[in-house]
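Subject: Structure for you to look at

Hello,

Here is the structure I said I would pass on. My notes follow below it.

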Amino acid sequence: MKLGSPLLKPSPMAVLNFPGIFLLSPARSKKRNPTVVSSDGVLNVTVRQREPILRVFDAYGKTYYIDREGLSIPVSEYFTARVPVATGHINVTKKGDESGEVETDWTRLHSLVLAIDADPFFKSLTEQLDVSKSGQITIIPAAGDLKIIFGLAENIDEKLENLKA
């Protein structure tokens, strides 16, 4: 080996294969996970574990988790997160395009899930969110045989405060 030559050839992260670890390209992650090779040839990787806040069973039969940033996480056969489940007609579209941030049914539903996750009362209450074709959301609590008709994911904070009253 020639002095000063790199120990690792630059290659895309997709070439690395670590079972159970999913490496995101910087384009898919809002936060960068720095990966550098030090001067002595040691590969340093900063890994950030993504925390699921919702499990989605979409209208196409696919299931996946969603994290706080709204990115999907594949379902693992070895681990099941204890998070609320979303079912029904969930319109998952890209959060942004070339023209900037676009609000969709999914971004509003994601805002509702973040609000539920931030409140200990609603976090323990909510077991399932069901979305109708028209975007109406029904919250199914963990206890009891009730259904809470939440409506569209609009005025979320106001509606959640009214539910507490």
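**Salt bridges**

D117 forms a salt bridge with K123, with the closest N and O atoms 3.3 Å apart; the term stands for a side-chain nitrogen of Lys or Arg within 4 Å of a carboxyl oxygen of Asp or Glu. Please note that this is a predicted model, in which local features need pLDDT of at least 70 and side-chain atom pairs count only at pLDDT 80 or more, while totals for chains, interfaces and linings use all residues. Residues are numbered from 1 along each chain as its sequence is written, and side-chain values use heavy atoms, with hydrogens and water left out.

D117 is buried, with a relative accessible area of 14%, whereas K123 is partly exposed at 43%. Here buried means under 20% relative accessible area, exposed over 50%, and partly exposed in between (1.4 Å probe, protein chains only). E51, R68, D117 and K123 are linked in a network of salt bridges. By the rule above, the count comes to five salt bridges.

Another of them joins the side chains of K164 and D119 (2.6 Å, N to O). K164 lies in helix α3 (residues 156-164) and D119 in the loop between α1 (105-118) and α2 (120-125), so this pair ties together parts that are 45 residues apart in sequence. Helices (H or I, at least four residues) and strands (E, at least two) are DSSP runs, numbered from the N terminus. K164 is partly exposed at 38% relative accessibility, and D119 is buried at 15%.

R50 and D67 also meet through their side chains in a salt bridge (2.8 Å, N to O). R50 sits in the loop between β2 (43-45) and β3 (52-57) and D67 in strand β4 (residues 63-67), 17 residues apart. Both R50 and D67 are buried.

**The sheet**

Seven strands form an open sheet with mixed pairing, in the order β5-β4-β3-β6-β9-β10-β11. β5 (72-73) and β11 (148-151) are at the edges with a single partner strand each, so one side of each has no neighbour in the sheet. Two strands pair if DSSP finds at least two bridges between them.

β6 (residues 85-88) runs parallel to β9 (residues 126-131), over four bridges, and V85 stands opposite Q128 in β9. β9 is joined to β10 (residues 137-141) by five bridges in the antiparallel sense, with V131 opposite I137. The hairpin of β9 and β10 has five residues between the strands, and in it G135 takes a positive phi near 90 degrees. β10 and β11 are also antiparallel, over three bridges; I139 stands opposite I148 in β11.

Regards
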